[in-house]
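Me: Could you take me through this model? I would like to go over the backbone and the packing.

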Amino acid sequence: MKMKVTLIKIFEFNNMIIAGAFSPRRNANLSQFSRTAAKIAIFVIALTLSIASFSPPASADFRAFSERVELSADGGAVSKISLVGDGAAGAMIPCSFQKASSASLGSGPSETALEIRNRGGANFIIVPAGVVQASAPVELTCKVSDAFDSAEASVTDFGNITGKYSFVNSTGQKIGSFEVTVVMPEGFLVNAVDEYQPKLSKNDPNDPFTLSVIGGRRAITLKCSNLKYGDRASLKWRMKSGKRSWGLLLLFLIAAAWYLVVFRDIINPRDHREHGHEKDARAKDLPDGGRSGANDGAAAEKK
Amino acid sequence: MHETVPIATAHGKMTEQEQRELDQLLDLDRHKLSVVPKKKMTPSERWMKYLGFPGGILAFLLIYYMETPAGLSGAGQSVMAIFALALIWWVTEPVATFVTSLVLMILLVCLDGWDQKNVLAVFGLDVIWLNIMAFILSSILVKTNLAKRIALNLIVRFGSSAGSILLAFVILQLALAPLIPATAARAVMTLPIMMVVAAIYGATSDHPTNFGRNLFLQNLMGINIFSSGFMTGSTANLIAIMFINTMAGEKIYYTDWMFASLPVILTTMLISWFIGPRILFPLKPEETKPKIHGGIDTLWRQLDRMGPMTFSEKKAAVLFGLVVFLWVTDRFHMSWFGFEVDPVMAAMAGAVLCFIPKIGLLQWNEADIPWHLMLFSTGAYAGGMALDSTGAGRWAIQQIFGMFRITRDINFWYVYVGVIAIMIYSHLVFTSKTMRTMILIPFFILLAKQLGYKATSLALPAAFCIDWVIGLPISAKPNVILFGTGQYSVLDNLKYGLIVATIGLVLFTVAGLTWFRFLGITP
C-alpha cells in the first residue's frame, strides 16, 4: 500500500516536470526518441526510490551476532545463534548451510519452532517481529545435516576433510559485532585454515580467526565488526583426526638407534681411522698430498 | 703509491718458490664454492655431530607427539617439529646441511605441514635466483683476477695486521650500506675480495682458520647490522616506518632514524670487531700475518707483477659496475626507463652479459655456482615460510608474550627489554625480515598504546633491530651467500651471532635509558 502511494506521488511529480519541460512554447522540436528516453530514466529513478522506501530505517541494526556451530562426526551440526539488536520489524537470518532441517527459538519448555524459508537457494530463519531485543540476547537454534561431507570419498590426502562456513549479511541490517565459532567433531583437530574473510588489512595485520579448545574439542573463532548489508564473513579449513601414526615414532627411534651404533666412529678416533678413504679423498685436494692436513688432524685429535 | 714503496730495489725479485707458493695460495680454482668442502672437526664438534642426529629426532618426536596446543593448528605443530629437527641438524651437522634441507622438505610434504606445490615453488623465489646470478657475477671477478687485484690493494694498504684488515672491511661495509640497500648485493660485491684476503691469510674452505671465521662472520654482521643504521637500509625498515606512520600517526624522518640508531650500531660493530679475534675466535700469532714468505713486501711485488689492469679486468669492472649502478639507482629507474629494474633482474641482466660471446667473459663451466647451497637455502626458506603460513611462528611469539603477563602497571623498561629481545632473537625462527616486521611491529605499536606510552617508544627501537639477522646461515640472503664459502660452520655463526645479538640487546637497553630518552623516543 505504502509502495503504491509512493509510486503515484512520484508519477504525478514526474508528469508535472515533463509537462513543463516539453511544453510547445519551450521546445517544440524535441524528438519523440528523447522523450521516450527521458520517461524511461524517470521511471528508473522512481523505481529506485520506491525500493529504497522498503529498506529498514538507518537506526535499525544488530548490535551483536554470535553463532556457534557444533559439528558432529556424521557431517551434521547444531547451530546456535545469539542476537542482540533492533528486531521490531522481524528479521530474516541467513543460514550458512543448505540443509537446515529445523529451527527454534529458546530452549526447553519455552522452545518455539521457527520457519525456515528458502529464497534463491539460500535458507533463512524467519524471526517474528519483536523477538530480537536490544536489551538481552535471543537464542535461535538450527539443526543442519550437511555441515560437511563426511563420506569416505570426500576425505582428501593425509585424511583431511574440508569444512566451509560462509555468512553473507542479507539481514538488511548492519551487524555491529559478528562472531562465529565452529567446534570440530570429537577427536578432530583443525589442520589448517586455508581461506578466510575478512582479509588482513594494512592497519590490522592480525588474523581475524583464532584457534582454541572448547570443552575438550578444537574450535575456530572468526570475529569481525561492522558487517554491512552484503558483507561476507567466511572460513574454509581442513580438519582431520588428531591421532598421530605410531609407526613414524618407531621408524624415527630405530633411525636414531641405528645412527648411534653405526656412527660411533665419529667420537672414537681409533674407529675413525677405518674411514681412511675420507682422508684419502681430502689428501688429493691438498697441494702437498695431504701431509700437512693429516698432521693437523692428528694434532687436533691429540688435543 | 708505487713511488713510495720501492718494489724492485728494496724488496728485490721474488724467488721461484715464493712465486709458486703465492700462485698456489691465490688460485681460487682450488677452492671452488661449488665443491662441498670436507671439514676437520674438533672433539666437541664430533660429539655434537654424534648426538645431533638423535637429538634432532628427539626434539621432533617431543613436539610432534605432544598434545596440540590450543592456538596451534595440526599443520603448525608438524612444521614446528620438523623445523626443530632441521635446526638441530643444521647446527650439529650429522648430515650435510643441504641433506637436512632435503629431509625437511620431504617431511613438510609427507607430514602434511605444507603443500608440495608450495614447498617446491620455493626454489623459484627471488632470493634463490639472486643467489645464482650473484655467484655468476662473482665468478667474473675471480676469473679475471680483478678480485685478486682489489684484495691485494686492500691488504698492502691495511693488511699489516689482521686487526687492521678486519677493520678495513667494517669501514667498507659501513660505506656501502647507505648506497646499496640490498644486503645480498653488498655480500656479492665484497665476497670475492673476502675470499682472496682469506686465502692470503691461509684460510680456505679445506683449511678454515679463525682468521677466516672472523673475516666472514664480521662481514656478515656488518652487512646486516649496518642496514639498520639507515631508514632505507632495507625494505623491512620502510614497512616498519609505514606502520608507525599509519597506525600511530607519527612521522619518522631519515635523520631521526640515523641519529638514533647509528651510534648503537657503530658501537656494536666496534665491539664485535674487538672481541671477535680476541675472545670468540682468538687468532694464533701465525694467523695475524699474511701466510706467505716475505709478508706484505711479497704482496707488493705480486701486485706489481700483475701490471696495469688488463682488458678483461676492465670489462669485468664495467659489467659489475653496471649491475651495481642499477642496484644503487633503483629509485630513479621509473623516471629514466619507465619501469623499475628489480635487484634480481639487474643481476640477471649482468649475468646475461657475462655469457654473451665477444662481450662476456665467462663460459658456463667457469661459473662457480654452489648448487648444494641453493638446496640448503631452499629447504631453509621452505621451513621458515611454512612456519609463517601455518601460523606456528606467530603462535610461538604470542606464547612468549603470554609468559610476561603484561598489564598496565608493569614497569616500562621490562616491556622495552622484552620487546628488543624478541625482535632481535626472533630471527632464529622467522627467516623473513618482512614477515617479522609485519607481525611484530603492529603488535608493539598496540602494546605501547595499551600501556599508555607513545607508539614510537617501543616500535621504533624494535624497528632498529629488524636487520639484526645474524644468528644462522638461513636467517638472511647474505648469510646464505657467505656460508657457501665453507669458511665457518653453522655453530660458529650461531655462537658469534648470538653473542653480538646479546651485546646489541644490552646496548639498545642502555641507549633506551640514555640516548633514546634524550632524543625523546623513550619516556
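**Notes on a predicted model**

Reply: B:N145 is buried, as 20 other C-beta atoms lie within 10 Å (buried means 20 or more other C-beta atoms within 10 Å of the residue's own, exposed 12 or fewer, partly exposed in between, with C-beta atoms placed from the backbone). This is a predicted model, in which local features need pLDDT of at least 70, side-chain atom pairs count only at pLDDT 80 or more, and totals for chains, interfaces and linings use all residues. Residues are numbered from 1 along each chain as its sequence is written, while chains are lettered from A and ligands numbered from 1 in the order in which they are written.

Me: What is the phi of B:N145, and where is B:N145 placed?

Reply: Its phi is positive, about 70 degrees, although B:N145 is not a glycine. B:N145 is in the loop between helix 7 (126-143) and helix 8 (146-158) of chain B; helices (H or I, at least four residues) and strands (E, at least two) are DSSP runs numbered from the N terminus.

Me: And A:N226, buried or exposed?

Reply: A:N226 counts as exposed, with 12 C-beta neighbours inside 10 Å. A:N226 is in strand 12 (residues 217-227) of chain A and has a positive phi of about 50 degrees, although it is not a glycine.

Me: Which peptide bond is cis?

Reply: The bond from A:Q197 to A:P198 is cis, with omega near 5 degrees. A:P198 lies in the loop between strand 10 (188-197) and strand 11 (209-214) of chain A.

Me: Next, the helices. How do helix 8 and helix 9 of chain B cross?

Reply: The axes of helix 8 and helix 9 (residues 162-176) of chain B come within 9 Å and cross at roughly 125 degrees (axes are lines fitted to C-alpha atoms, for helices over the stretch in contact, and angles run from 0 to 180 degrees between N-to-C directions). The two helices of chain B are therefore oblique to each other, since angles under 35 degrees count as roughly parallel, over 145 as roughly antiparallel, 65 to 115 as roughly perpendicular and the rest as oblique.

Me: Which residues meet there?

Reply: B:L154, B:I155 and B:F158 in helix 8 meet B:S164, B:I165 and B:A168 in helix 9, where contact requires C-beta atoms, placed from the backbone, within 7 Å.

Me: How many residues are in contact between chain A and chain B?

Reply: 35 residues of chain A are in contact with 31 residues of chain B. Helix 3 of chain A gives the most to the side of chain A that touches chain B, with six residues.

Notes. Two residues are in contact if their C-beta atoms, placed from the backbone, lie within 7 Å.
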